Amino acid sequence: MNTPNPSAPLTADEERFLLAAVELAARARQGGNHPFGSLLVLDGAVVLEAGNTVTTGKDVTGHAETNLIRLATVAYTRAELARATLYTSTEPCAMCAGAVYWSGVGRVVYALGEDELLELTGADEENPTMALPCRTVFAAGQRPVLVSGPHLRERAAAVHAGFWTGADA
């Protein structure tokens, strides 16, 4: 289920949270990983954050959102997660959307769209992208997950500058 207007303007708090997710993506990149970051907000406060660890963790499932969901499901009840919002620098991939769905998180807000990421990465066999919108994954489920995005595209895309081509940012 989508929000009535998925690209409605962000509130000041939502923008701050989304920019923090983009900053987490920058830190993941600086740490030798892919440029993705996410955070969990519950009752108006950031309670968890995670970056991508695919390279340093040598684990292809180490996406920012799956790392965050692993932490969240240990720390919070399903009822708490239903009230939570996951903010992420890039639209969750199919794997991450599945993790979000199964965790019970109630809402996702993302910056860069999966289709926009594909434009940046191109046909990269080493780091392939699956152009499957998270809304499509969530729509196949039996419970609603509200989605808002894309937002702040330019800020989110800047974190990827040069990364996928090997050029300096």
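**Close-up 1. Salt bridge between glutamate 14 and arginine 107 in the predicted model.** The closest N and O atoms of glutamate 14 and arginine 107 are 2.7 Å apart. Glutamate 14 belongs to helix H1, whereas arginine 107 belongs to strand S4 (residues 107–112), so the pair ties together parts that are 93 residues apart in sequence. Both glutamate 14 and arginine 107 are buried. A search of the whole structure gives 5 salt bridges, including this one and those in the next two views.

Close-up 2. Arginine 27 is partly exposed, at a relative accessible area of 41%. Glutamate 49 also has a relative accessibility of 41% and counts as partly exposed.

**Close-up 3. Salt bridge between aspartate 13 and arginine 16 within helix H1.** The side chains of aspartate 13 and arginine 16 meet with an N to O distance of 3.0 Å. Both residues lie in helix H1 (residues 12–30); because they are 3 residues apart there, about one helical turn separates them. Aspartate 13 has a relative accessibility of 43%, which makes this residue partly exposed. Arginine 16 is partly exposed too, with a relative accessible area of 46%.

**Close-up 4. Crossing of helix H2 and helix H4.** The axes of helix H2 (residues 64–75) and helix H4 (residues 94–103) come within 9 Å and cross at roughly 15°. Angles under 35 degrees count as roughly parallel, and H2 is therefore roughly parallel to H4. The crossing of the two helices is left-handed. On the H2 side, the contact is made by Glu65, Thr66, Ile69 and Thr73. H4 contributes Met95, Cys96, Ala99, Val100 and Ser103. By residue class, the contact of H2 with H4 consists of 5 nonpolar, 3 polar and 1 charged.

Terms used. Residues are numbered from 1 along each chain as its sequence is written. This is a predicted model: local features need pLDDT of at least 70, side-chain atom pairs count only at pLDDT 80 or more; totals for chains, interfaces and linings use all residues. Side-chain values use heavy atoms; hydrogens and water are left out. A salt bridge is a side-chain nitrogen of Lys or Arg within 4 Å of a carboxyl oxygen of Asp or Glu. Helices (H or I, at least four residues) and strands (E, at least two) are DSSP runs, numbered from the N terminus. Buried means under 20% relative accessible area, exposed over 50%, partly exposed in between (1.4 Å probe, protein chains only). Axes are lines fitted to C-alpha atoms, for helices over the stretch in contact, and angles run from 0 to 180 degrees between N-to-C directions. Angles under 35 degrees count as roughly parallel, over 145 as roughly antiparallel, 65 to 115 as roughly perpendicular and the rest as oblique. A crossing is left-handed if the near helix is turned anticlockwise from the far one by less than a right angle, and right-handed if clockwise. Contact means heavy atoms within 4.5 Å. Ala, Val, Leu, Ile, Met, Phe, Trp, Tyr, Cys and Pro count as nonpolar, Asp, Glu, Lys and Arg as charged, and the others, Gly among them, as polar.
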